[in-house]
Amino acid sequence: MSFPWAKHYEPKAPVMRWIDEKLPLPRLVYNAVGAGYPVPRNLNYMWNFGVLAGFALVLQIVTGVILAMHYAPNATVAFDSVEHIMRDVNWGWMLRYAHANGASFFFVVIYLHIFRGFFYSSYKAPREMVWLLGVVLFLLLMATAFMGYVLPWGQMSFWGAKVITGLFSAIPLIGEPLQIWLLGGYAPDNAALNRFFSLHFLLPFVIAGVVILHIWALHIPGSSNPTGVEVKSESDTVPFHPYYTAKDGFGLGVFLIIYAALTFFQPNALGHPDNYIPANPLSTPAHIVPEWYFWPFYAILRAFTADLFFLPAKLLGVLAMFAAILVWFFLPWLDKSPVRSGHYRPLFRKFFWFGLIPAMAVLFWCGGAPAEEPYVMLSQIATAYYFLHFLVILPIVSAFERPEPLPFSITEAVLGSDKKAVLGENTTPAT
Amino acid sequence: MVRLIGILTGLFFTVAVLWAFATGAYTAATEGLGEKTAESEFHEHPREVAFTHDGAFGHFDRQQLQRGYQVYKEVCSACHSLRLVAFRNLSDLGYTEAEVKAEAASWQVPGIDPNTGEATTRPGTATDYFPKPFANDVAAAAANGNAIPPDLSLMAKARHDGPAYIYSLLVGYTDPATHKNEAGQTLAQTFPDSMPGAGLYFNPYFPNLNLAMAPPLTSDGQVTYADGTEASIDQMAKDVSAFLAWSAEPTLEKRKQTGWPVIGFLLFATILAFLAKKQIWAAVTPKRKD
Ligand code: HEM
């Protein structure tokens, strides 16, 4: 890419020059996350989470590959092989807790990353492709986490797999055969466990590939920023390295402290005790709940408790659950406001803080609760708001909204005035 | 076009979910919110108990684990297996190698007669795992009024607040005819249908209130502790709960001990990273005038 003032890679060490001539990999890295990538100078800490997500992915791959050396994907021994890791493998307990809590860490980071996108409308042109690939990443991440949770073959593994694959049976006509095909049987068993293991091993590498596309697409327009005003001149940017490597390093440290505290002192706090009971097809747990990161969507699924005309409640729930994520794909075209950042959109901002965030909090809370009142009614109201927010409010709010005045440029936003940026040589057209 | 379809889809889901809400609200209005059940009225959360392994500096009390092991061996092992624990693991409890061997040899484990090849039993060795009290689940259920005594290796992790739950369960048996809940009612009065049937015992800490395990700890001094501690029911219940916390996670101590240096290192590295960040950004950060 990118801006004309981006620094060019000039290898200093002879060995780097030698490599760069044969394979310009050093150049690629320099331009992607080195001094060759100019980044807006005003990014706040909400911009740390992309790098943190990348770190979480590496962490999951490293711990996961080692776990796979000791794990046995067979329904008769899977549970015991996990306990073998916990008890007999050197540092096995640490690997397993790091991987299990690493998944939670990944989702915390990704949710923050996505909600950063919602607030600053990072999905808007020219970053639609970045966003679309991001939603693909989220879907892949959910699939990976779901299949990973099945592997220890405890009670929640088994019943979670049964409930989630059972959702497909809501599809008219092909539903039941589809579920049987997915599981390789009528209920989760060895066939299902084996394919889930195979896919759970594969998908993170697919994710890694899509992350490369995601970052590639990002580097065409360059990063957005909290003002939503595009970069105009060199004084608006700083090189990624050392500025953002330093800032991301600090953010990573803070996050690792929280993550380590969880992993070493409360490693089972986010898990469910029932998963320490071996899978038993004959005994249904009192409350079947997925892992916490699926709760909002699980709440939406269970909110549809009544048939509507010829549409059965279960089918509505399944459709709504998938729709709840699929709508994100359409955000770039649903939200027509020319202003990106929520900082300058008074009405949008109110809907975000007093509508979307509380609705998500309620969905998180109710998704983990038993399917009883008042949780069902609360999740119904929150679900209604969720769909109204993205599909009705977002498309029309800009028609009623008077955005607040935007700064002329990023430099002005930071320094209070921008003399240098007034139509210099390196100026790109204003937005 | 996208927005039109979007708005219609959004309205569709909103109407469908509000319709479900209205149906639910109507039912609630006519039939009331959630019925009272014997479980909702009489089930109790585990009692508060302190264990030395609690908290970020927690460690096992080796003497207590040995006592708990004795309770398991002399009482619980008649019905419950401990299949994930091997005799060699007992060295964690502070036993010497010779003691572990002697302990293992005091158990009979399944073996094969070297002359005939017939199934038989032999004294355990350090590498053997704890034997199961019943040959199979059918035998276990037949001997226990149709309920299978669950394996205890992971019990302390397989229930919310595990060690406190096990302790509460063991000391919590009472008479449903006289036991009063917070509202001052007895089960016999309010839910006579939920009174324990034949072979079931009332215990408010058990989720279904009635379980098939007869109170296993019934009298003080049921076990004669090798270390001379007085074996009250309460003491035995605490000790065996601590032992089961260990059997569920023998690496608990090591985990907590590893956590501190890791966090310490991360704190140090994070402070350095913060200072580095501050210094690097100083050049481009505007000085505040106010
Ligand atoms: C495996 C998961 C993911 C990884 C490793 C990842 C990584 C990154 C990185 C390194 C950046 C640049 C730094 C930043 O702006 O924070 C970025 C930007 C971005 N990501 Fe992701 N991401 C992931 C998932 C997602 C998801 C699920 C979404 C949205 C649904 C998303 C949306 C975006 C957007 C819109 C940007 C550009 C933001 C801007 O510059 O304003 N990403 N991502």
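## A salt bridge between the chains

Asp88(A) and Arg88(B) join their side chains in a salt bridge, with 3.8 Å from N to O. A salt bridge here is a side-chain nitrogen of Lys or Arg within 4 Å of a carboxyl oxygen of Asp or Glu. By this rule two salt bridges cross the interface of chain A and chain B.

This is a predicted model, in which local features need pLDDT of at least 70, side-chain atom pairs count only at pLDDT 80 or more, and totals for chains, interfaces and linings use all residues. Residues are numbered from 1 along each chain as its sequence is written, chains are lettered from A and ligands numbered from 1 in the order in which they are written, and side-chain values use heavy atoms, with hydrogens and water left out.

## The interface

Between chain A and chain B, 11 residue pairs are in polar contact, both residues at pLDDT 80 or more. A polar contact is a pair of N or O atoms within 3.5 Å; within protein, one must be able to donate a hydrogen and the other to accept it, and residues adjacent in sequence count only if both atoms are side-chain atoms. On the side of chain A that touches chain B, helices H4 (78-87), H5 (92-120), H10 (240-265), H12 (313-334), H14 (375-400) and H15 (410-415) of chain A each supply at least two residues. Helices (H or I, at least four residues) and strands (E, at least two) are DSSP runs, numbered from the N terminus. H10(A) gives the most to this side, with 16 residues. Sorted by class, the side has 47 nonpolar, seven polar and 10 charged residues. Ala, Val, Leu, Ile, Met, Phe, Trp, Tyr, Cys and Pro count as nonpolar, Asp, Glu, Lys and Arg as charged, and the others, Gly among them, as polar.

Chain A brings 64 residues to the contact and chain B brings 56 residues, where contact means heavy atoms within 4.5 Å. The two chains bury about 5100 Å² between them, 75% of it on carbon and sulfur atoms. Buried area is the accessible area (1.4 Å probe) that two parts lose on being put together, summed over both.

## Chain B

Chain B has nine helices and four strands. From the N terminus on, its elements run α-α-α-α-β-β-α-α-α-β-β-α-α. Its radius of gyration is 28 Å, well over the 19 Å that the globule rule gives for 290 residues, so chain B is more spread out than a compact globule. The radius is taken over C-alpha atoms, and the rule is 2.2 Å times the number of residues to the power 0.38.

For "binding site", an unreviewed UniProt entry lists Cys76(B), Cys79(B), His80(B) and Met213(B). They span 138 residues in sequence, yet no two of their C-alpha atoms are more than 10.7 Å apart, so they gather at one spot. UniProt positions are given in the numbering used here, feature names are shortened, and annotations may be inferred rather than shown by experiment. Cys76(B) lies in the loop between helix H3 (62-74) and helix H4 (97-105) of chain B.

## Backbone details in chain A

The peptide bond from Ala125(A) to Pro126(A) is cis, with omega near 5°. Pro126(A) sits in the loop between H5 and helix H6 (128-150) of chain A. Ser121(A), found in the loop between H5 and H6 of chain A, has a positive phi of about 45° although it is not a glycine. Another cis peptide bond joins Glu373(A) and Pro374(A), with omega about 5°.
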